[in-house]
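Me: I would like to go through a model with you and ask, at each step, what a term rests on. Could you set every value against its definition?

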Amino acid sequence: MIFAFQLFAHKLNVFCNEDNETIYIKGYYTKSSPCIECEYKVIQYNQLLHRGKLDKNGTASFKQKITKPITVEVQAEAGHRGETLYTPYSPPEKSSSIHPAILQNLNLLLSLALIYGFFEIFRRIKSR
Amino acid sequence: MHISEGILNTPIIVSSSLVAIVLVSYFAKILEVNSVGKTGSLSALFFVASFIHIPLGPTSIHLVLSGLIGALLGFEAILAIFIALLFQGLFFGYGGISTLGINTLIIAIPALLGYFTYNTDWRFKLFLVGSVPIVISSLLLFVILVINGDEFITSAKLIFLANIPLCIIEGIISYFTLKFLQRMDF
């Protein structure tokens, strides 16, 4: 139990964020003490994208435009290791080149046509 | 006035669907050939009316015209409203398919009150034709939501209150429309 608490006290947390095509990394231990001079690697689909060392505040940043998920691994002394997966935001693709208002009006016209069509078929069936 | 998918409990959906199917089937069967055109046209009117939104503070309400349609069609209004609700649910997500039955009952049954009111000698009947069915529909909607569960009571109250201005608007619309039609000897 005491050993488990010790392990938890030295758990290495890694955060990653992106802003304006710059990747920001932060590594710190459970009690908010920074992971100073810890080595980090940024990996994308098993390819090394970037590597370096965290500064005295446990942070690092570098310019990189990413469109696909990356894994940030931070290696500290005494075998402590932490990692995080960061998925960049990608705006949803436009599913239609038609303006939504036009699409709604088209749906409206189609629905009206179907209503009239339904009653026309209904009338013909009744007329037999 | 529409209840969306995924809100109501299964017993309410099943029972209301069965009742709606029986009513719609019956009135479709007895519908005369000469009335099909008028029924279809007013079904289209009901369909389009739902797209006329009236801003009401933070929200908006849409026209229903159930009373007017009931006054002009009588019992055939049930079929007209059912078909319009079906296409609203299919193409625009207004209401839904599983809730088609309950939505039909909530709107179409009070529409018949419009028919009966129109055939009275009351002084303000042209206004009441439009407003009374909306009041009754709102009450039915309130009751259904309360039966569905206690967590819907607040929403039910808000919906009921939001439909009060609609009663007045629909009453005005039905008054002028029916007055015009009376002058045209319709």
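Me: How much space lies in the largest pocket, and what makes a space a pocket?

Reply: This is a predicted model, in which local features need pLDDT of at least 70 and side-chain atom pairs pLDDT 80 or more, while totals for chains, interfaces and linings use all residues. Residues are numbered from 1 along each chain as written, chains are lettered from A and ligands numbered from 1 in written order, and side-chain values use heavy atoms, without hydrogens and water.

The largest pocket holds about 450 Å³, and of the 21 residues that line it, those closest to its centre are B:M1, B:H2, B:S60, B:H62 and B:I159. It is called a pocket because, on a 1 Å grid over the protein atoms alone, it is an open set of points with protein on both sides within 12 Å along at least five of seven lines, and lining residues have an atom within 4 Å of a point. The volume is the space filled by probe spheres set on points joined across faces, edges and corners.

Me: Which elements of chain B supply at least two residues each of that lining?

Reply: They are β2 (59–62), α6 (125–148) and α7 (153–183) of chain B, and the largest share, five residues, comes from α7(B). Helices are DSSP runs of H or I with at least four residues, and strands are runs of E with at least two, numbered from the N terminus.

Me: How many cavities of 30 Å³ or more are there, and why is such a space not called a pocket?

Reply: The count comes to one, and about 50 Å³ of space lies in the largest cavity. It is called a cavity because a 1.4 Å probe fits there but cannot get out. Its lining consists of A:E39, A:Y40, A:K41, A:R51, A:E73, A:V74 and A:Q75, with β3 (39–44) and β6 (70–75) of chain A each giving two or more residues.

Me: What makes residues of chain B and chain A count as being in contact, and how many do so?

Reply: Contact means heavy atoms within 4.5 Å, and by that test 22 residues of chain B touch 15 residues of chain A. The two chains bury about 1,600 Å² between them, 81% of it on carbon and sulfur atoms, where buried area is the accessible area (1.4 Å probe) lost on being put together, summed over both parts.
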